[in-house]
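Notebook open, structure loaded. I want to go through the sheets first, then the cores and the rings.

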Amino acid sequence: MPSADPQAAFLQEPVRLSHGQLSLERALELPRLAIEEVEPQVEQGRFAAKAIAGDRVTVSALIFADGHDKLAGEVLWRDVGATDWHREPLEELGHDRWQAQITPQRVGEVEFLIEAWWDIYASYCYELSKKFGAGVTINLELQEGQALLREAAERAEGDLAMTLQALCDELQELQSLDERVALLLAPETVALVRRAEGHPHRTRSATYLLDVERPLARFASWYELFPRSETDDPARHGTFRDVIKRLPAIQAMGFDVLYFPPIHPIGTTHRKGRNNSLTAGPDDPGSPYAIGSPDGGHEAIHPQLGSREDFVALVEAARDHDLEIALDFAIQCSPDHPWLQQHPGWFSWRPDGTIRHAENPPKKYEDIVNVDFYAKDAVPDLWLALRDVVRGWVELGVYQFRVDNPHTKPLPFWEWLIADIRKSHPQVMFLAEAFTRPAMMARLGKLGFTQSYTYFTWRNTKAELETYLTQLNEAPWRDCYRPNFFVNTPDINPYFLHHNGRAGFLIRAALATMGSGLWGMYSGFEICESLPVPGKEEYLDSEKYEIRVRDYQAPGNIVAEIAQLNRIRRQNPALQTHLGFKAYTCWNDNILFFGKRTADRENFILVAVSLDPHNAQEAHFELPLWELGLDDHATTHGEDLMTGHTWHWHGKTQWMRIEPWHQPFGIWRIRVAS
């Protein structure tokens, strides 16, 4: 019987000798098969590729050998730490490419590898079929078949051995040439022999990892708010109990994650006033990112928000409304943070004895100081303290963290921290707020960040959007990076929203919700807040420095549209990922036209978004009938998912008109007409 232990197979490994130094003994030990281009993988297996529990993962590789004999192979996979392997046969696609699909069910790490071998009996059947069909004499081939069956029976055990021996006896007794050939080529015979396959020249690939996470890692809608602004009076600080009252409205809009900026005590030294002024008034609450005061640091709660018991009550109430709470993990301190007194060796100090404040020229953050991860006293105590901060919030029921500026912190720290947390709490996820260089953004995804902020905020033209969305669907991004399309943040008031009114907000909402399985918005977006600091992508009267009271039902709001967009996403699996984007032909550069579909084509969504918030746009466009297996003149059924209106399209070329004052986009479900 073939061994179930993949260690028994030959492990492909590099031959590190220069040309001419390979010994004959070593050459005789090298594998006869080649296994190359295994996917998914990230940096040759240095990092785990991303996966979702319950989703199928396509594993593929190039597998080939000398000559024309047939090959066979399997994907072996298991949860890391498990003993037994699951096996899935590989299917040959042509041009030496093979693939199979596996479906991890549990959150955590999964390891997989590929085994391949010489398929002696499949090669024999191929030759026998060709020769028999050509009328060539096959007496010797029949003897070879008899021998192969006998060898398989000798390798097998129990019932399998008895069944194969019975086939040998039956073959011996058959007189008709046609009957003997039919028995040897029968699918049942092939399947039985495969079970007793000797796996000659069996070769094993390297082992690769999958980081399997919860479905919320791929598909979720995020809503951000400042708890202190959940009040009807700017002179009264909002509380966690006030946020609980808002949960039904947030749930009704279809959100899954409720995210808070830092909820910790805020320092008073160099506290910023309104609009980031250097002088704070006596009633200015300060920036929540200036973390730490005599009331505590990253482990503490701002006393005006409520108690720890109030926070736990909020977490539980959120779950009752199908929401998860996400917290900001911002590794920075106000000058009043207890760590400065308790652990001065964790910080950078100037030669004159003053502490180094945070800067991002030309911006200065006088109310913030940064830790020094590699200071003598910080290794390993600071690292462990930060880990314990995350653990503490996880123990209170927080399983998602938005991480502030992770690209300004050491990569080894993140790789260690995320692995350490997820080892005991695999359900925890981390969102990287990393607006930085592409290589760094990808690297954060590789070393463990579940999701990331993106360049989507600054992609506005048809060419920019098509290029970016296509790039996110290609290697290496598709295997290591999940984009969360935030339409705005407390720090970013996009230029596109400044003067484009309600239609501009709807355009960006449609692009975000349809373009990615992950999207987010900061409160105020639903009432089209956009008043900027002149010439900057910043909000005037920023909520980072004051309490903002809002009327979420103000005239002109887009609450209903946001709720419907989220409803459409929930009802259509094709929209629950950023993968699958495909741009289609539309003869107007002001209209982005694209589609997403499930692998079985049962759910096929077309999206047309006018990028002009002021003028009507119209164009001819092509329905992708070829992807439904239809000819250019076929009839299809269309459904407008915003209105419920249905119709029939006849033929490939169609026409659209989009009026931004009505609705600047269309979302259509297409199917073959019955």
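**Entry 1**

I started at Phe594, which stands opposite Val607 in E24. E23 and strand E24 (residues 604-610) pair in the antiparallel sense, over 7 bridges. For the labels I rely on DSSP runs numbered from the N terminus: helices are H or I with at least four residues, strands are E with at least two. Two strands pair if DSSP finds at least two bridges between them.

Before going further, the ground rules: this is a predicted model, where local features need pLDDT of at least 70 and side-chain atom pairs count only at pLDDT 80 or more, while totals for chains, interfaces and linings use all residues. Residues are numbered from 1 along each chain as its sequence is written, and side-chain values use heavy atoms, with hydrogens and water left out.

Which sheet do these strands belong to? I find an open sheet of 6 strands, ordered E22-E23-E24-E29-E26-E27, with antiparallel pairing. E22 and E27 are the edge strands, each pairing on one side only. Helix H16 (residues 501-515) packs on this sheet and touches E23, E24 and E29; its direction makes about 155° with that of E24. Here contact means heavy atoms within 4.5 Å, and the angle, on a scale from 0 to 180 degrees, is taken between N-to-C directions of lines fitted to C-alpha atoms, for helices over the stretch in contact.

I then followed E26. It is joined by 5 bridges to the antiparallel strand E27 (residues 646-650), and His637 stands opposite His648 there. E26 and E27 make a hairpin with 5 residues between them, and Gly644 in the turn has a positive phi of about 85°. E26 also has 5 bridges to strand E29 (residues 665-672), again antiparallel; Thr636 has Val672 of E29 as its bridge partner.

**Entry 2: the four-strand sheet**

Next I looked up an open sheet of 4 strands, in the order E2-E4-E8-E7, with antiparallel pairing. Strand E2 (33-39) and strand E7 (91-94) are at the edges with a single partner strand each, so one side of each has no neighbour in the sheet. From one strand to the next the twist averages 30°. E7 is joined to strand E8 (residues 97-102) by 3 bridges, and Gly94 stands opposite Arg97 in E8.

**Entry 3: cores**

Which residues have the most contacts inside the largest nonpolar core? That core has 132 residues, and the answer is Ile63, Phe311, Phe329, Trp393, Phe401, Trp414 and Ile667. A nonpolar core is a set of buried Ala, Val, Leu, Ile, Met, Phe, Trp, Tyr and Cys residues joined through side-chain atoms within 4.5 Å. Another core, of 25 residues, lies apart from it, with Tyr121 and Leu149 among its members.

I also checked Ile355, in the loop between helix H9 (338-342) and strand E15 (357-360). It is buried at 12% relative accessible area; buried means under 20%, exposed over 50%, partly exposed in between (1.4 Å probe, protein chains only). Leaving out residues up to four places away in sequence, Ile355 touches Leu340, Phe347, Ser348, Trp349, Arg350 and Val369. Ile355 and Val369 are 14 residues apart in sequence and 7.4 Å apart in space, C-alpha to C-alpha.

**Entry 4: rings**

How many aromatic pairs are there in the whole structure? My search finds 36. Rings of Phe, Tyr and Trp (its six-membered ring) pair if their centres lie within 6.5 Å; planes under 30 degrees apart are stacked, over 60 edge-to-face, the rest tilted.

Tyr522 and Tyr539 are edge-to-face, at 5.9 Å centre to centre and 75° between the planes. Tyr522 is in strand E21 (residues 518-522) and Tyr539 in the loop between E21 and helix H17 (559-571), so the pair ties together parts 17 residues apart in sequence. Tyr522 is buried at 3%, and Tyr539 is buried at 8%.

Tyr584 and Trp626 are edge-to-face too, at 6.4 Å and 80°. Is each of these two buried or partly exposed? Tyr584 is buried at 6%, whereas Trp626 is partly exposed at 43%.

Last item: Arg508 lies over the face of Phe456, 4.2 Å from the ring centre, and over that of Phe496 at 5.9 Å. The criterion is NZ of Lys or CZ of Arg within 6 Å of the ring centre and within 35 degrees of the ring normal.
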